[in-house]
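Open the model in your viewer and follow the stops below in order.

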Amino acid sequence: MGELAYFGDLHRAAERIRESGLDAVVIFHDDADGLCAGAIASLALDRVGVKHRLVCVEKLSPEVVKLIHSLGEALYIYVDIGSGRADLIAERVERSGGEAVIADHHDPMKVESEKLIHLNPELYGYSGEIDASGSTATYLLMREAVDMRDAAWMAVIGSAEIPGALRGLNRVALGDAVGGGDVEVLGSGESEKYVIKFLDKPWDKSSSTLSAIGSMGYYEGAPITAVENLKRRRVPEELAKRFEELRRRKFAQALAVISKKGVNSGNYVQWYHLGDLFRGLGSKALGTFTSTLSYRKQVDPKKYLAGFMNFLPDIPGLGRIEGDWVKTSIRAPKQLSNQINRGAMPPVSTLTIKASEAVGGSGDGHSLAASALIPAGRERDFINEFEGLVEEFRSGRRP
Ligand SMILES: [Mn+2]
């Protein structure tokens with residue numbers, strides 16, 4: 001399938017959105033790309049007169065998808081999130097009613113369902129890591145429903161998470177933003193910069209501001225505030241400053257605790273537990289903190305580093321998910337990273353996914369960084385599984 005099929009499907013999906021007669025639920029990711037995608041979708045729905053509510057999520061798990069779809073008969077529009085769990089979404093709409101549209105660029109799961117339109121550019125031959133952000137995928141969909149040229153600048157900000165000059169579909173959104181007079185391109189080739197003219201800010205700067213708001217202010221409803229601001233062509237810098245200050249304070253406290261108590265250490269894994277210390281911050285804070293810690297002297301550069309924190313099982317504005325959970329983030333410090341890149345040690349993602357599944361949780365990630373939700377109280381079992389998997393790999397039975 002190629003370009004023509006993609007644009008044809010976008011058009012058909014836009015028609016469904018305009019004509020379904022259902023109220024909508026917009027589900028969006030908590031990073032800058034997700035907030036921009038959420039704002040583009042919300043603005044478009046306002047314009048076509050579709051009543052909707054906004055739900056920001058950090059991560060999709062079966063429990064989260066179940067809670068979202070407890071809203072029943074509605075048009076569920078997933079933006080910058082959803083592709084990886086298209087199976088769960090399709091299953092839910094078939095069971096609890098309504099329909100779903102996914103406009104996302106993360107690795108897609110292929111699902112056949114009458115009730116689901118899955119508009120991931122990767123399914124049409126584009127690359128989600130190079131050609132399209134989630135906000136671009138959302139913009140291309142919504143501009144088929146209504147005039148959205150004055151929203152193209154948000155797709156440019158959302159695309160900042162993809163390194164280098166904008167290409168592929170992101171460049172289509174850029175063209176609209178430049179044509180509408182909202183964005184100016186400075187420089188050329190790989191050193192191109194994109195300035196949001198009415199904000200007087202480069203695209204990547206606004207992207208960092210929005211990411212800080214979404215992840216740090218998650219439990220305070222900050223993503224919704226950010227979306228409302230974006231729809232009025234504002235990026236709320238003051239909100240970002242407040243959350244960055246909070247993060248600095250919490251990170252300093254966590255570092256003080258770890259410097260005093262040290263990290264626990266096994267043969268291949270070292271770990272620490274923050275309990276409720278990061279309570280109130282979005283759970284992405286744990287990943288950022290664990291990355292920072294992996295460079296410090298308190299940490300063995302040859303062992304996997306796992307951080308744990310108690311997970312607040314709430315989706316703001318929606319309710320409580322089932323179960324008691326702990327979030328874990330795992331990073332590979334420098335020396336271990338080199339070994340993983342050489343294939344001498346197993347990737348963090350494989351270990352995290354398998355160890356979390358073994359204890360009744362679920363995880364995902366990349367070769368040097370991953371995260372998971374596991375049932376509270378299973379932290380030691382998780383570490384033991386993790387150690388066992390590394391042991392297996394070392395003895396030649398690769399996991
Ligand atoms: Mn994205």
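In which sense do strand β10 and strand β11 pair, and over how many bridges? Select residues 269-273 for β10 and residues 304-310 for β11: the two pair in the parallel sense over five bridges. Strands here are DSSP runs of E of at least two residues, helices are runs of H or I of at least four residues, and both are numbered from the N terminus. Two strands pair if DSSP finds at least two bridges between them.

This is a predicted model, in which local features need pLDDT of at least 70 and side-chain atom pairs count only at pLDDT 80 or more, while totals for chains, interfaces and linings use all residues. Residues are numbered from 1 along each chain as its sequence is written.

Next, pick tyrosine 272; its bridge partner in β11 is glycine 307.

Now show the whole open sheet: six strands in the order β9-β10-β11-β14-β16-β15, with mixed pairing. At the edges stand β9 (264-265) and β15 (362-365), each with a single partner strand, so one side of each has no neighbour in the sheet.

Move on to helix α5, residues 134-142. Nine of its nine residues are buried, so the helix is largely enclosed by the rest of the structure. Buried means that 20 or more other C-beta atoms, placed from the backbone, lie within 10 Å of the residue's own. Tyr139 and Met142 are among these buried residues.

Finally, zoom out: the protein chain has 14 helices and 16 strands, and buried residues make up 49% of its 399 residues.

Technical notes:
Buried ≥ 20, exposed ≤ 12 C-beta atoms within 10 Å, placed from the backbone.
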